[in-house]
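Trainee: I am new to this structure and would be grateful for a close look at a single part of it.

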Amino acid sequence: ETAEMAHDLLLEYHQLYDIYSEYEGINNIKTINDNAGGEPVEVDQRIIDLLLFAQDMYVRTGGKTNVMMGSVLRLWHDAREYGINNPEDSYLPDEAELEAANEHTSIEALVIDDEANTVQITDPLASLDVGAVAKGYAAQLTSDTLRENGLDSFLLNAGGNVVCGGKPLDGRDFWVVGVEDLDGVSTRETLGATDLSVVTSGDYQRYYTVDGVRYHHLIDPETLYPAAHMHAVTILHPDSALGDFLSTTAFLLPYEESRALIESIPGAEAMWTLMDGTEEMTDGFRDLIELAASR
């Protein structure tokens with residue numbers, strides 16, 4: 001029953017935050033994008049809240065993760081989808097097209113009216129892409145609802161965004177969570193966690209290949225190409241929405257800046273897998289590896 005409730009909630013959020021598909025009777029993110037340059041669109045409060053959170057975090061974390069990058073990310077998405085289905089014929093987005101699309105990524109073009117429950121994109125060529133935050137945000141809202149319904153002990157996995165609730169009911173003191181290795185199959189590290197979300201951003205999860213070179217889906221807003229500072233970063237934070245946003249931002253920054261950002265956020269811990277395969281981690285992250293090893 002509880003699993004069904006969590007599933008239904010995640011499905012509902014998926015529809016609200018979808019940028020590719022329409023659903024009957026719902027104004028979702030795609031609806032907002034389709035009306036770019038036009039009138040404000042009335043939407044569910046949960047869309048307003050997500051976008052206000054993304055705006056706030058954009059300012060707080062230095063503007064690397066921008067939900068208004070839709071025009072640029074769409075070019076990469078289309079090239080990736082085509083390349084996955086036609087590997088012999090894969091291509092990179094045209095640089096001039098990327099540069100042109102990048103002229104339409106200003107967060108200023110996103111106008112949110114919390115009183116009227118409307119969202120407006122004032123630039124007709126701009127669009128939202130909430131991929132960096134929606135899954136973690138939805139996982140957090142879902143786990144909040146589980147707790148409100150009296151369920152404190154749970155482990156929720158929303159496609160790689162793991163939320164651990166309170167202690168397991170079988171007497172153990174913590175949940176055991178594996179952090180995937182770069183092959184996407186084996187486990188790199190094992191953590192012991194309660195009341196914590198675990199989110200990874202990596203170059204091995206969604207990618208395609210052009211002329212033997214892999215191109216992943218996390219695009220650096222400065223180069224307009226996949227970020228190349230590290231292979232992966234895993235973020236721990238009590239709030240899954242914040243964890244998801246931070247994982248993208250931390251991945252898009254050079255390691256030293258990335259580490260400084262994480263250390264500036266109360267409650268955040270991280271592990272980085274650098275380009276040469278070495279690992280770096282915060283003390284709190286190491287503590288949870290040692291906790292899991294002690295069982």
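Which residues in H3 meet which residues in H7?

Mentor: This is a predicted model, in which local features need pLDDT of at least 70, side-chain atom pairs count only at pLDDT 80 or more, and totals for chains, interfaces and linings use all residues. Residues are numbered from 1 along each chain as its sequence is written, and side-chain values use heavy atoms, with hydrogens and water left out.

In H3, Phe-53, Ala-54, Met-57 and Tyr-58 meet Ala-241, Leu-242, Phe-245 and Leu-246 of H7; contact here means heavy atoms within 4.5 Å. Helices (H or I, at least four residues) and strands (E, at least two) are DSSP runs, numbered from the N terminus.

The axes of H3 and H7 come within 11 Å and cross at roughly 50°. Axes are lines fitted to C-alpha atoms, for helices over the stretch in contact, and angles run from 0 to 180 degrees between N-to-C directions. H3 is therefore oblique to H7; angles under 35 degrees count as roughly parallel, over 145 as roughly antiparallel, 65 to 115 as roughly perpendicular and the rest as oblique. The crossing of these two helices, H3 and H7, is right-handed, a term used if the near helix is turned clockwise from the far one by less than a right angle, with anticlockwise giving left-handed.

Each of the two partners also has a further neighbour to consider. H7 (240-252) is one of the elements against which the buried residues of helix H8 pack, together with strands E11 (230-237), E12 (269-274) and E13 (279-281). In H8 (residues 255-264), Tyr-255, Ser-258, Arg-259, Leu-261 and Ile-262 are buried, that is, under 20% relative accessible area, with exposed meaning over 50% and partly exposed in between (1.4 Å probe, protein chains only). Seen down the axis of H8, these buried residues fall within an arc of 160°, so they line one face of the helix; the arc is that of the directions from the helix axis to the C-beta atoms. Glu-256 and Glu-263 are exposed on the other side of H8.

H3 (45-60), in turn, is among the elements that the buried residues of H1 pack against, including also helix H6 (134-148). Those buried residues of H1 are Ala-6, Leu-9, Tyr-13, Leu-16 and Tyr-17. They cover an arc of only 90° around the axis, which puts them on the same side of H1. On the other side of H1, Ala-3, Glu-4 and His-7 are exposed.
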